Amino acid sequence: MAGLDRDRIIATLLVLSLSGIVAGCAASASGKYFGLTTPPSENVLRYISGAEPESLDPALPNGQPEARILMALYDGLIEYHPATMESIPGIAESWEVGEGGTEYIFRLRKNAKFSNGEPITAKDFVYTFRRGFKPELASRNASLGYYIKYSEAYNSGHAFVKGTDGKFLLKKDFVDSIVNEAESKALPLAGDSEFHKFLDEPERLTIPTVETDKVKLLDSDPKLKAAVEGKELVPVKAEDIGVEAVDDYTFRIKLYQPAPYFVGLLGHQFFRVVPSSVIEKFGDRWSRPENIVTSGAFKVLAHRPYDELIVVKDPNNWDAANVKLDRIEFYPLDEQTTMLNLYKAGRVDGIYNHTVPGPWFDQIREYKDEYLLHPENATEFYVINVKKAPMDKQKVREAMAIAIDRDAWVKLKKIYKPLVDIIPFGIFPKYEEAREKVYSEELKKQGSSLDEWKARKFNAEKGRKLLTEAGFPVQQSGSGWICPTFPVDDVSILYNTTESNKATAEFIQAQWKQNLGVTIPLKSMEQRTLLPMVNKVEYQGFTRRGWVGDYMDPFTFLYLYYSPQNASATGWWDPKFDRMIDEANSTVDEQLRFEKLARAELYLNQQQVIVPLGVPGTSWMKKPYVKGLYPNPGTLHAWKFVYIERDPAKWDKDVDNILVDKDPVVENQLKVIMASQEEFIKTHQAVKTAAAE
Amino acid sequence: MEETLQITKGTSLWADAWRRLLKNKLAVFGLVVLAFMVVLVSIGPPILQWLTGITPDYIPADGDLLKSFPPSVQHPMGTDEQGRDIFARVLQGGRISLAVGVISTVVSLLVGVSYGAIAGYLGGSIDNFMMRIVDIIYAIPYILIVIVLLSVFGGTNTRVLIAALPAIVAGICILVAGVLLAVNLYRRLFGDGLADGLFNTLKRFAFGALEAAILIALIVAAAYLVSLTGFGSSIAEKYGSVFSLGMSQIFLLFFALGLVSWLTMARVVRGQILSLKNQEFVLAAKATGVSTFGIIFRHLVPNALGPVIVYATLTVPSVMLSEAFLSYLGLGVQAPYASWGSLAADGVKNIAIFPWQLIFPGVTMALTLFSLNFLGDGLRDAIDPQTRKF
Amino acid sequence: MLKFILRRLLLIIPMALVVVTLTWGLIRAAPGTFYDSEKPLPIAIRANIEKKYGLDKPWYQQYWMMLSNVAQGDFGDSLKYQGQSVNEIIKRHLPYSATIGIIAYLLALALGLSAGIIAALKQNSLFDYGAMAVAMLGLSVPNFVFGPILVLIFALGLYVVPPARWGGVSSIILPVITLAAIYAAYIARLTRAGMLEVLRSDYIRTARAKGLDEKTVLLKHALRGGIIPVVSFTGPALAALLAGTVVVERIFSIPGLGKIFIEAVLNRDEPLVLGIVAFLSILVMVFNLLVDISYGFLDPRIRYE
């Protein structure tokens, strides 16, 4: 009896595993394409966008999944170029910057409409910006726009300080800054106004109105305290921030200091225009499917949370004639295996970035017509809590950074390339030129060389030397190393519970054990628990960080380490670094500015407050019949360029070259859109040259 | 005529059960496989390391080896995608899976048996109250408890909090005793009416007041003890090095899983006690003056052990499955440790291209769970062949 | 009997409130907030968020506000999904889980009961051993292994059903089978055991002695008694079904209550967690009550005062 059972059991198990293997082999039998590849019968794109969006109100969410969807629903002043993510005209036909670099004028097209037919004017942009900074809205994106004058003060609930003589205290009298208030002359074609004069005045001082913060600030600065004594506090209102509707189709923005990359920021969903009448009517329920009104190429048809979000072409959109898709179905999924299963079964046409699991890389890479691996505007690194010993010693940090074999790590992660700097390569070609030049000079001054710098990718010998010099001698032990004096209990690698982070943490732990003889304990934590610990810099040792650039300028990576309240989670701050950055950002000449930034980056890098690891590749898939969808550095797509190609002869082949190959359909569309700004620049140049003569 | 007395060897209840068990071929199969597994996972890892130098967390330094290789002579179960030998990991995983199963079951046994026995024996409103608590805890989705537990205690506080556990447990015991006293007090004051004369009433109130004072003092003491993290951290200083961070997390997992299964255990024991407490041997014990505590733990519990053992043997696989489920959600055993469940959960993702990552841990786990279930069935049949209770 | 039912019903709401309190305490004990993200927030923005959600008030005030709202059935809006009330979120996602759960349980009942009964009738036969072995397999293979194997074979190998997502009848076949497996196994074993015990008992012998035919004996007498263990299993089965749907919903990406719940806990979305916990507790309590009532009908020896 028992024998029968046992046989039966074994048989069942065998059958199961056999069928599994057989099915697996069948499933992964390589055809030309990965799974079923037939275009959908309707003119629809089925796209996996990421986790379920928190909200369809563009001012609120700050995640990538939401960004992708919101780009379909809302238009902004500019739009991202589908392949390079440069700024191309959106609702603004043209724009220009004033002489001082702090004033921007946008000229809007006159045929832009919301999905309910109402026209979009400059007043709507003013409303959108003012609303975004409203403290009660508690938008997490507000800090993106802090360059706009007084926006941070308004968002933080600060107040101006008004004396009995009616004069306001000025910021330059109390805060040291090498950024000189650039007074820009009123631009031609944009009228002057009371408000504009107010914005042109030197920046006013603002102080917090919350008692505890106010008292803390005043107590720390006696001069300030004395000056504020007895004066009236006038709260900063929404109407004070530096945005103005000069007329219905002219929109002006005033910054408090130059930000050469500012226009590139405006593609973010926070700055995209929202319908004031609908928001006033419905309050925080305005973005529900039954109430929502949008401004983009697509509008909401149905929203079933966690199931799908269906958007359809909006006939009222100013560019509706050029939008090729009838419908997009966004599927909110975040499990990699499920996504690829759906892709293979032909039920989705495209997936967002970083979705191909590392282990599948070798197999998926074979599908040259569908797998996209291009450089991304992001970096992965380990941050170090530099406040806790022994990581407060620069040599220790450097030792550990250099003792990781990044080439091996890259082989593990498959889609990365090694990085020893702060700013990723392959994204900002002009910056990299500047960096090469500056690094060569500076390193030579220090008696080193660019090659030696690049060798920081891995040098176990040097790592051991550094660690020994730092006071923790590394000794040979058998075929390996030991470092008995290193206080391993005071250091740990903290990571959240995703597999890729786990794999990296385990790898690095093994590397340090093998190369330095120290076994650093691993600590894993659920993301929500981990975040506050990291943000408040209470962790010990190392934790993994990934940073995705917010805009297409190298500063978005250096910004993390700038200012005493910086968000680097390292506990590091250096006024020298801040000064170098301020100097760079107030430089108008682009190449010169890049050189200054490079110097700052080198300085930061040599402090070794982080352990740079690598630059990820985009690593996603789309069916070859989906065109106009490019692996741009941010994986943010302007959906109006996407279309389904039904002629198999024209399907994408060998997508490694997709950013270089020009698609005639997309090029034509781009040409039409970019014409207005290019025209403007040409005429503007002509006017300037004429004026100069 | 001579009469020869045949002296038959006496047997006890347990010896009888053992004999019956051995007759059951399936159960024996289960027992054998289980024993084999236990031996394998205990001595396997060190032997493997001694023979081949392979450890479960060895990640090769050579980048080309950081791949998942199919089974070969070098790696009889293949490697995972970080190049680690799966056989070594399955062995280590077995240690942890079995440990999780056994220890959680022991925790749930200790808590559940005591709780259920007390509730069942004392009966009445205490029983009602205690079972209501069980109902409430049952209604909380346990994953919430586990997630919170693993979050709150999973940080740098782990060592301190584990060391402070004795204080917390003591505090809870005192609190429970306090509650029981409170109920007693209530009964004494309001239970029997005021009909038996002034003197008696006064006496009752006097005793009641005394008990109330003791009760208040106890509650205060409990609160103070629990808040004595100074006490806890001094223990942590002395013995903290025993717990490495990874082990602390596993320890917590034992605790968390054990905390969930005690509920049904309590119910089962209570049921048993309820049916046993009116039997003669209990009356006899009461008549001879055995204390309540003695009756519960020295007379009733041993007699109720039958179903308890069976249930315990069946709890082990269910706890192991729960741990696997938690690992699938990313909350179970953490790196560098692995359990069969976490290995299977990891392997499932790559089932289409690297099926061996799932097959080996999965089959091993299934085989062990099989054996445990067979054993449990066999035990049930052996200990109480007349009962076929759930 | 009626008094018993009434007493139990009255207890449900207070008990649910106790559960909510405990859950609230647990969430508050857990570190982490719902608005933290990898890109940390400037202090002012964090202050704005805290003010908006009343997080700057003392904890007992927050607790009292929460409790008084909850007692009236108002759980407020989800913290993560702005502008959506908890009640509507639950209402929206319940149908997915309920459909799969109910169909799975019915399937498990059908399979398990029939297998168990036949196995009991044909004790020690090939069918008996085979069925019990398969049942054993169902208990030893975790559902997150079984499900993907099914997906591999039927969705990716043969392309007959979708590998994931909700949409159309074909999409629930695999999730239902995955979910039902372990319960079918349990029920089969329980039924077999229950039937075997009953078939040996006195009152069945009496019925047979009375001359009734086998069919009547079975259906009218034995079945009732034999199903009791299955009925008593329904209570814990429901609770376990909830855990099971979490896994199945994750494997097949179905937007059910289980998935929402896990998300809510991981997001520290307090109102949503409290709402789901309260809802599920009430459901479980009502179910347990129904089970206890049905006991009375099935086994005349059990009566409630």
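1. Chain B first: 14 helices and zero strands, where helices are DSSP runs of H or I of at least four residues and strands are E runs of at least two, numbered from the N terminus. Of its 390 residues, 44% count as buried, meaning that 20 or more other C-beta atoms lie within 10 Å of the residue's own, with C-beta atoms placed from the backbone (12 or fewer is exposed, in between is partly exposed). Among contacts in chain B between residues at least 6 apart in sequence, 76% join residues at least 24 apart; a contact here is a pair of C-beta atoms, placed from the backbone, within 7 Å.

2. A word on provenance: this is a predicted model, with local features needing pLDDT of at least 70 and side-chain atom pairs counting only at pLDDT 80 or more, while totals for chains, interfaces and linings use all residues. Residues are numbered from 1 along each chain as its sequence is written, chains are lettered from A and ligands numbered from 1 in the order in which they are written.

3. Have a look at helix α2 (residues 25–52) of chain B. There is a bend of about 45 degrees at Gly44(B), and Pro45(B), a proline, follows within four residues; the bend is the angle between axes fitted to the seven residues ending at a position and the seven starting there. Buried residues of α2(B) include Leu26(B), Phe29(B), Leu34(B), Met37(B), Val41(B) and Pro45(B). After the helix comes Gly53(B), with a positive phi near 75 degrees.

4. Chain C has eleven helices and zero strands. For contacts in chain C with a separation of 6 or more, residues 24 or more positions apart account for 75%.

5. Now the sheets of chain A. One is open, with three strands in the order β7-β6-β8 and antiparallel pairing; pairing requires at least two DSSP bridges between the strands. β7 (206–208) and β8 (232–235) of chain A are the edges, each with a single partner strand, so one side of each has no neighbour in the sheet. Direction ignored, neighbouring strands of this sheet are turned by 45 degrees against each other on average. β6 (residues 158–162) of chain A pairs with β8(A) over four bridges in the antiparallel sense, and Val161(A) sits opposite Leu233(A) in β8(A).

6. The other open sheet has four strands, ordered β4-β5-β10-β9 (chain A), again with antiparallel pairing. At its edges are β4 (92–97) and β9 (243–247) of chain A, each pairing on one side only. From one strand to the next, the twist averages 20 degrees. β9(A) and β10 (residues 250–254) of chain A share four bridges in the antiparallel sense, with Val243(A) opposite Ile253(A) in β10(A). Helix α3 (residues 122–132) of chain A packs on this sheet, touching β5 (103–108), β9 and β10 of chain A, and its direction makes about 170 degrees with that of β9(A). Axes are lines fitted to C-alpha atoms (for helices, over the stretch in contact), with angles from 0 to 180 degrees between N-to-C directions.

7. Last, a helix pair: α12 (residues 394–402) and α16 (residues 460–469) of chain A pack at about 160 degrees, axes 8 Å apart. Contacting residues include Val396(A) and Ile402(A) of α12(A), and Leu466(A) and Leu467(A) of α16(A).

Technical notes:
Two residues are in contact if their C-beta atoms, placed from the backbone, lie within 7 Å.
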